[in-house]
Amino acid sequence: MTTTQTIPGTAGATAAATGAGTTDATNKLTLDSADRFLTLLISQIQNQDPLNPMDNAQMTSQLAQISTVNGISKLNDTLSTLASSLSSSQYLRAAGLVGHEVAVKDDKLQLAADGAHGGFELPQAADKVTVTITSPSGQVVRKLELGPTNAGINTFDWDGRTDSGAAAKEGMYVFSIDAKADGDAVSADTLTYGQVDGVVSGDGGAQLQLGALGAVDLNQVRQIN
């Protein structure tokens, strides 16, 4: 008489081992479930038909599956601990920036009573750089000719005057960079400067509050003053 034992968890273990997807059940696998697996496996061996014993390859495969799932569970725990540690470290770094002025990748330009301060980053030196400042509606307000500029992060100041010499209204503007080297266009990243007022939690981790500029991800910071 042949006694057949079904070992729970082997199907889920196979899915995890082959990369078919790690389910909540496999993630929560503990040593207790591993012990139950081995107990049932031993029971299956003891009650197998002597004339039709379990195939060695099948038994080896089942042992490999439970070992793999246990390894994945432990790896997930380790990664969770590491992610928590990195998140805490990120918030500590962000908190240290409160009160400092930082430059982030953005094209906004905040005009106050004393003017505005912006920047840009060039991958190579340029012999001609033009800053074009526009209103939120897209109207050109001022063009600044900066001349030859080195590679790396560069800054510019706007006195708040339009091309006609009139005083522009305080508020938020947008700017773009047109850079050329020997007549060829040079790509440039626009940089916005703002003071860090606080730190908040975002989808991607710590975010810096830059007043009217809003919240930006910590990894967007290009310069700290």
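How many bridges join strand 11 to strand 12, and in which sense do the two strands run? Three bridges join them, and the strands run antiparallel. The legends below begin with the whole chain and then visit its close-up views.

This is a predicted model, in which local features need pLDDT of at least 70 and side-chain atom pairs count only at pLDDT 80 or more, while totals for chains, interfaces and linings use all residues. Residues are numbered from 1 along each chain as its sequence is written, and side-chain values use heavy atoms, with hydrogens and water left out.

**Figure 1. The chain as a whole has four helices and 13 strands.**
Helices (H or I, at least four residues) and strands (E, at least two) are DSSP runs, numbered from the N terminus. Of the 225 residues, 33% count as buried, where buried means under 20% relative accessible area, exposed over 50%, and partly exposed in between (1.4 Å probe, protein chains only). Contact here means heavy atoms within 4.5 Å. Among contacts between residues at least 6 apart in sequence, 67% join residues at least 24 apart.

**Figure 2**
Strand 11 and strand 12 form a hairpin with five residues between them, and Gly211 in the turn has a positive phi of about 60°. Four of the five residues of strand 11 are buried, so this strand is largely enclosed by the rest of the structure.

**Figure 3. The largest nonpolar core has 20 residues.**
A nonpolar core is a set of buried Ala, Val, Leu, Ile, Met, Phe, Trp, Tyr and Cys residues joined through side-chain atoms within 4.5 Å. Look for Leu109, Ile133, Trp158 and Tyr173, the residues with the most contacts inside this core. At least two core residues come from each of strand 2 (108-111), strand 3 (116-122), strand 4 (128-134), strand 5 (140-145), strand 6 (152-158) and strand 7 (171-181). Strand 7 gives the largest share, five residues. Leaving aside residues up to four places away in sequence, Ile133 touches Leu109, Gln139, Val140, Val141, Arg142, Leu144, Trp158, Tyr173, Val174 and Phe175.

**Figure 4. Two aromatic pairs are found in the structure.**
Rings of Phe, Tyr and Trp (its six-membered ring) pair if their centres lie within 6.5 Å; planes under 30 degrees apart count as stacked, over 60 as edge-to-face and the rest as tilted. Phe156 and Phe175 form an edge-to-face pair, 5.3 Å centre to centre with 70° between the planes. Since Phe156 lies in strand 6 and Phe175 in strand 7, the pair ties together parts that are 19 residues apart in sequence. Phe156 counts as buried at 3% relative accessibility, and Phe175 is buried at 2%. Trp158 and Tyr173 also form an edge-to-face pair, 5.2 Å centre to centre with 85° between the planes. Here Trp158 belongs to strand 6 and Tyr173 to strand 7, so this pair ties together parts 15 residues apart in sequence. Trp158 is buried at 2% relative accessibility, and Tyr173 is buried with a relative accessible area of 8%.

**Figure 5. Thr192 sits in strand 9 (residues 189-195).**
Is this residue buried or exposed? Thr192 counts as buried because its relative accessibility is 2%. A polar contact is a pair of N or O atoms within 3.5 Å; within protein, one must be able to donate a hydrogen and the other to accept it, and residues adjacent in sequence count only if both atoms are side-chain atoms. The Thr192 side chain reaches the backbone oxygen of Asp106 at 3.2 Å, and a polar atom of this side chain lies 2.7 Å from the backbone oxygen of Lys108. Not counting residues up to four places away in sequence, Thr192 touches Val102, Ala103, Val104, Asp106, Asp107, Lys108, Phe175 and Leu213.

Methods: Two strands pair if DSSP finds at least two bridges between them.
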